[in-house]
Each structure stands twice: as C-alpha cells, then as structure tokens.
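Take a look at the model below.

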Amino acid sequence: MSKRSTWVLPYAIFLAVFVVLPLVLIAVYAFQDNSGHFTLGNVLRFFSDSDAVSTFALSLEVAIETTLLCLLLGYPAAWILANKKFGFTTVTIVMFIMPMWVNALLRTLATAELFSILGFTLGKGTLLFGMVYDFLPFMIYPIYNMLLKMDTSYSEAAEDLGATPVQVFLKVTFPLSLPGVYSGILMVFMPTMSTFAISEFLTNGKIKLFGTIIQENINSSMWNYGAALSLVMLVLIGLTSLVTGGSRDTNVGGVV
C-alpha cells in the first residue's frame, strides 16, 4: 500500500468496467447478427438506411451550429470574465457557470415550459436555443481557465513593440487560448451529437436526432443495429478529437 501505483488500481478497475468494457461490447454487438455470428451487415445497413443517414446529417448540422453559437457567445464572455480590468469577482464567475450545477434534463424541461408559456412554436429554433443554453457553460469554462492562466508578459511585450489592442488579441491572446477553445468545442460537440432528450422536449418530437435513433433501436431490442449506430457516432467523435487535438498541438507549437 505504500507504493503510489497501488492507489491507481481502483481507478484502473473503474475505467476497465465502466469505460473500456462498454466500448468493447458496442464493437462486439455491432459486428454480430442475431445468432451471434460475425457480420458487416449492421454497419452496411446504416449507409443504406436513408432515415438513419438523414438523421445523422441533421444531428451533425445541429451539433456544428450549436458549437459555433456557443463559441461566438462563449469566447467573449470568457474573455470578459478573465479580464481583471472589468472587476469581476469569483462569486460573479461562479454565478455565471452555476447552470452547470443543475441537472440538464431539469433545465431542458424548464426551458420547454418557458416556451410553452410564451407561446413559441417548438422547432429547430427552440432546439438550438435549448442546446446553447445547456452547453454554453462547457464552452466558457475551459476558455476562461486558459485565459486566466495565460502569461500576460506576452501581450505586454507585444504592446511595448507597438502592437494595437486588436493585433495583440489576434496575434497573442487568441492563439494562446486555442487549447481552451478546442477543449470547449469537444465538450459541446460530443454531447450535442449524441443527445436525444433535449430534442424530444424542445421540439415535441418533431425533430429526431441520431441519439433518438439509437434509443429507439435499443428499446426495440435491436441491439446489434443500435450498437452499429453507436459505433458510427463513436468513430465520428474520435475523428473530431484527433483533428482538434492535432490542431491544438500545431497551433500551440507555432505560438511558442
């Protein structure tokens, strides 16, 4: 028990049981038929299923739009919160990200009820509003942390060399904050792509996202096809992580 590596064992067991094992089971079910024999039919079925493909495209569109809106709203908010000259205290910052402490389903139900009271027609607009409301803190927080920890000597040196505030931001502040931006993009894009409850409540079932397709197949005991759809989504999210991870390393290396 005196070895530090011993304390890693509980976490390793947790990851193996609740992370690695479910992913392995998804891969196993995705390449099996109902009789347990190996097949590629489940994955190939996705590409021939027009409903699944169109729903996947719509989910990708909603996820990209939500991520972009969160970035456009979240970066200025994070920059203002991290800028000491605006005088924001820790209490203000905690209040700003406090929605993260409330269950996402409760926030979604409250938002749907608010739209109902105001008489808004539920559709894509209300869906995007709800997505942005639910996931905006996940964009603000990593960017805020990166901006807060940034060495101000870089921007001060740029100002001493005659750079304008806009040039300082574009050439120094923004490039150095890109790791936080990429983290925020992943934290918003991944859950947005896989969610299903938010779309059901905020569109009254009018818009069906990819997570809903997976849920319907699992609930109908179509485990193999549901697992194949989950695998497709996991591959997309994995590729997104690789792309943003590589871009982060490249940009940080270029700035340094």
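Start with Ser230, which sits in helix H11, residues 223-255. Helices (H or I, at least four residues) and strands (E, at least two) are DSSP runs, numbered from the N terminus. This is a predicted model: local features need pLDDT of at least 70, side-chain atom pairs count only at pLDDT 80 or more, and totals for chains, interfaces and linings use all residues. Residues are numbered from 1 along each chain as its sequence is written, and side-chain values use heavy atoms, with hydrogens and water left out.

Is Ser230 buried or exposed? Its relative accessible area is 12%, so Ser230 is buried. The classes are buried under 20% relative accessible area, exposed over 50%, and partly exposed in between (1.4 Å probe, protein chains only). Beyond neighbours within four places in sequence, Ser230 is in contact with Ile26 and Ile214. Contact means heavy atoms within 4.5 Å.

Now the whole chain. It has 11 helices and 0 strands. The C-alpha trace spans about 70 × 60 × 40 Å along its principal axes. Of the 256 residues, 36% count as buried. Among contacts with a separation of 6 or more, 74% come from residues 24 or more positions apart. The chain exposes about 15000 Å², and carbon and sulfur atoms supply 69% of that area. Accessible areas come from the Shrake-Rupley method with a 1.4 Å probe; for residues, only the protein chains shown count as cover.

Ile214, the contact of Ser230, is one of the buried residues of H10, along with Phe210, Gly211, Thr212, Ile213 and Asn217. The loop between helix H9 (197-203) and helix H10 (210-219) holds Asn204. Asn204 has a positive phi near 55°, in a residue other than glycine. At 61% relative accessibility, Asn204 counts as exposed. Just after H10, Ser221 takes a positive phi of about 65°. Ser221 is exposed, with a relative accessible area of 54%.

Turn to the charged pairs. How many salt bridges does the structure hold? There are 5 salt bridges. A salt bridge is a side-chain nitrogen of Lys or Arg within 4 Å of a carboxyl oxygen of Asp or Glu. Glu61 and Lys124 meet in one of them, at 2.3 Å, N to O. Glu61 lies in helix H3 (residues 50-82) and Lys124 in helix H6 (residues 124-149), so the pair ties together parts that are 63 residues apart in sequence. Glu61 is partly exposed at 35%, and Lys124 is partly exposed at 29%. Lys124 also forms a salt bridge with Glu65, the closest N and O atoms being 3.3 Å apart. Glu65 is in helix H3 and Lys124 in helix H6, so this pair ties together parts 59 residues apart in sequence.

Arg107 and Asp134 form another salt bridge, with the closest N and O atoms 3.1 Å apart. This pair links helix H5 (residues 104-118), which holds Arg107, to helix H6, which holds Asp134, 27 residues apart. Arg107 and Asp134 are both buried. Salt bridges that share partners also join Asp51, Lys208 and Glu216 into one network.
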